[in-house]
Amino acid sequence: MNRVEIVVLPGDGIGPEVIYVAIDLLKAVCRQYDTELIVTELPFGGTCYEEYGSPVTEEILNKCKKAKFVLLGAVGGPQWDDLNPDKRPEAALLQLRKELGVFANLRPINVFPALSSASSLKKEILDGTDILIVRELTGGIYFGKPRFTSEENGDPFSVDTMKYSRSEVRRVAKVAFEAARLRDGRVCSVDKANVLESSRMWRKSIIELSEEYPDVELTHMLVDNCAMQIIRQPTQFDVMVTGNLFGDILSDAASMLTGSLGMLPSASIGGENGLYEPVHGSAPDIAGKGVANPLAAVASAALLCRYSLKLEGAAQQIESAIISVLEQGLRTADLFTEEPGTKLVGTDEIASALMEFVQQSENVN
Ligand code: IPM
Ligand code: MN
């Protein structure tokens, strides 16, 4: 048995509920691939603030860096919204991304045929949609300096800075080009180069780099147009690469193609490190009720197998379990449409069905 250590940060709200489903399944599948997963669970976000007065501690960050691979649930909640910005749960997440150096955030938009009626878009529009959003994650306006609040003639104001350097753009674009080579060979770079200096740097840097990828088709799209095109004709996209803020917004919009934000996993990579988290938030309104959709967390665990553990078979096994559960008609509330043959279930029923699929495949193997 190979032994692999990972850190798990369940976080706040529905984070723990969805993450425990993911870990159990991950452990079971890894065992089938001769890998024993050693899990260290640590507090993070609001939960950590309650315990230590800070949403993350040096020690927790160090343990994450040491383990290299981190699976995270979600952070945030209304009870922490009024804290100083550096004490907010979101600050811990940004710090973790930065310290792990995971600059490329991969958000695959897979449309499952079984869910075509759960999307707000027509089936004809969705058919064949398969997008990989590559979002720059450790730069841009999320981290740019200066950043402050002040006052001018009695009028308070705030400043954020959107900054991109050539090297920052190149390293994330490289991930996009390489990914495109293994897919349909097309990259669409999304920016606001008609207005923003940082976007003109973004575009110029990508065009330069594209000379090293003559086999990949590069196009450019302005972010406002892109928001519209995602809904108008999602099949036109293969790999999309964009900055931190634009990627945050576009990926939430694109999640509705799959039927629910509760379906979207993400992998953040950089160097040898990997941070895996569902795209959805902590959903405080449904936390603790046993109704949360765990599939985004489970799909994030599949990405952990693919990109960090290099267990492609295990990744596919988890993804097949997700498809099987959806094809059995099991739906959490976020996906339920009263379509015949479907059944409204809670988090636990989804978890059992996933585990059953995995155990059955073990017997077949
Ligand atoms: C995401 C989230 C985070 C982000 C928040 C929680 C800081 O919305 O991962 O998309 O904006 O990056
Ligand atoms: Mn977001």
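## The sheet

In this predicted model, ten strands form an open sheet with mixed pairing, in the order β2-β1-β3-β12-β11-β4-β5-β10-β8-β9; strands are DSSP runs of E of at least two residues, and helices runs of H or I of at least four, numbered from the N terminus, while two strands pair if DSSP finds at least two bridges between them. Because β2 (35-41) and β9 (217-222) stand at the edges with a single partner strand each, one side of each lacks a neighbour in the sheet. From one strand to the next the twist averages 25°, with angles running from 0 to 180 degrees between N-to-C directions of axes fitted to C-alpha atoms, for helices over the stretch in contact.

Strands β8 (residues 186-191) and β10 (residues 239-242) pair in the parallel sense over four bridges, and Cys188 stands opposite Met240 in β10. Helix α10 (residues 295-308) packs on the sheet, where it touches (heavy atoms within 4.5 Å) β3 (69-74), β4 (104-110), β11 (267-270) and β12 (273-276), and its direction makes about 170° with that of β12.

## The ligand site

Ligand 1 is surrounded by Glu90, Leu93, Arg97, Arg107, Arg135, Tyr142 and Asp248, each with a heavy atom within 4 Å of the ligand. Oxygen atoms of ligand 1 lie 2.7 Å from a polar side-chain atom of Arg97, 2.8 Å from one of Arg135 and 2.6 Å from an N or O atom in the side chain of Tyr142, where a polar contact is a pair of N or O atoms within 3.5 Å. Taken alone, ligand 1 exposes 320 Å², of which the protein buries 78%, by the Shrake-Rupley method with a 1.4 Å probe.

## Basis of the values

Residues are numbered from 1 along each chain as its sequence is written, with chains lettered from A and ligands numbered from 1 in the order in which they are written. Local features need pLDDT of at least 70 and side-chain atom pairs count only at pLDDT 80 or more, whereas totals for chains, interfaces and linings use all residues; side-chain values use heavy atoms, leaving out hydrogens and water.

How values were computed. Polar contact = N/O pair within 3.5 Å; in protein donor to acceptor, adjacent residues only side chain to side chain.
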